[in-house]
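Please keep the sequence and the structure in view while reading.

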Amino acid sequence: MNIVTIIGARPQFIKASVVNSEIRKRSENRDLGHTREIIVHTGQHYDYNMSRVFFDELDIPEPHYHLEVGSGSHGSMTAGMISKIEEVLNVEHPDWVLVYGDTNSTLAGAIVAAKMHIPIAHVEAGLRSFNKRMPEELNRVLTDHMSEALFTPTEIATANLVREGITEGVILTGDVMFDAFLQFKEKAAARSRILDTLDLSSGSYCLATVHRQENTDDRRRLTNIFSALKELSYGGQQIVLPLHPRTRKALEQNDICIDDNTGIRVIEAVGYLDMIHLEANAGLICTDSGGVQKEAYFAGVPCITLRDETEWVETVEAGANILAGAEKQAILDACTLARNTNVTVQPGLYGNGDAAAKIVDSFDAGH
């Protein structure tokens, strides 16, 4: 069996690493010796801190194809991927195309596979924010409706698909990011030196990440978020901000100043091991990232989500995550509330750490 895996952005590298590891482990044991995974990197994320470091740290094999699409508008990026992915699939003739999450790389891979009548397997199927202004929402909905195998991370995700009339090919596996967190957290604790490098003590800082288009491309939202972070820092809360390239550009375009003088500790984007170590040792996390929301929960750290909705509603229902939106006072109030929150990680909420095994089992069984 030939599986073409299409990835292109840092969250996908993390998700794909555990599935690839499971495939290789079984191949070495000859349980799945007939399965070949062909990795296609679209180049949606391309600099070292956003791409290469994840392959190095997570032991992902070198991609068989690197499409080098790079950044651009949604239309131009997706179109470039579609053209190049089609060339790959015409060469490889895979039995399945495997895609992850909600990026333009995911949608492009699904469109090409559907047009070529190649079955699509979607990992992290069924997530819904119910906000179709988000490009990620459009990508995931369209991909789900083109897929033959839909691997859902939660019961809520499965229920979302049922409401849309998708019942065939749906398999509740749990969350592959939970697999990754369990697999790499001890390695991160042993290898990461990020706390020493930044002179941070455990529990003393707020980790912040901002990168969603709804925040970076809206001057009012961006200004409010960073005004709240500055006020938190002026009140004595240390803020550590790994800065996404998109956010850096947006801050410059809107003349929003952040540096050590504003009390915000700006650092470059970091690799996965440093990131989960920063998350695990934070006293509080403020983010608009879906992945970071979950990792905060996995680590037992209270989270403030800088969005008006979330796909990961389980974290909110568990009392671990507060939706604050992008109003300054709402963010500050949420942070005050979160400081008094004790996060209890509920067993099984995101699976049992065997999502990758269930996904590969499905392929092994011929789905």
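Helices (H or I, at least four residues) and strands (E, at least two) are DSSP runs, numbered from the N terminus. The model is predicted, so local features need pLDDT of at least 70 and side-chain atom pairs count only at pLDDT 80 or more, whereas totals for chains, interfaces and linings use all residues. Residues are numbered from 1 along each chain as its sequence is written, and side-chain values use heavy atoms, with hydrogens and water left out.

- Leu 337 lies in helix α15, which spans residues 328-338.
- With a relative accessible area of 53%, Leu 337 is exposed (exposed means over 50%, buried under 20%, and partly exposed in between, with a 1.4 Å probe and protein chains only).
- Between Leu 337 and Leu 198 there are 139 residues of sequence separation and, from C-alpha to C-alpha, 27 Å in space.

**Strands β4 and β5**

- Strand β5 (residues 120-123) is covered on both faces, with Ile 120 and His 122 buried on one side and Ala 121 and Val 123 buried on the other.
- Strand β4 (residues 96-100) runs parallel to β5 and is joined to it by four bridges; Leu 98 stands opposite Ala 121 in β5.

**The six-stranded sheet**

- Six strands in the order β10-β9-β8-β11-β12-β13 form an open sheet with parallel pairing, where two strands pair if DSSP finds at least two bridges between them.
- At the edges stand β10 (264-268) and β13 (321-323), each with a single partner strand, so one side of each is left without a neighbour in the sheet.
- From one strand to the next, the twist averages 20° (axes are lines fitted to C-alpha atoms, for helices over the stretch in contact, and angles run from 0 to 180 degrees between N-to-C directions).
- Strand β8 (residues 205-209) and strand β11 (residues 284-287) run parallel and are joined by four bridges, with Leu 207 opposite Ile 285 in β11.
- Helix α10 (residues 219-234) packs on the sheet and touches β8, β9 (238-243) and β10, its direction making about 140° with that of β9; contact means heavy atoms within 4.5 Å.
- Helix α13 (residues 290-299) also packs on the sheet, touching β8, β11, β12 (303-305) and β13, and its direction makes about 165° with that of β11.

**Helices α1 and α16**

- The axes of helix α1 (residues 10-28) and helix α16 (residues 355-364) come within 9 Å and cross at roughly 55°.
- The contact involves Val 18, Val 19, Glu 22, Ile 23 and Arg 26 of α1, together with Ala 356, Ala 357, Ile 359, Val 360, Asp 361 and Asp 364 of α16.
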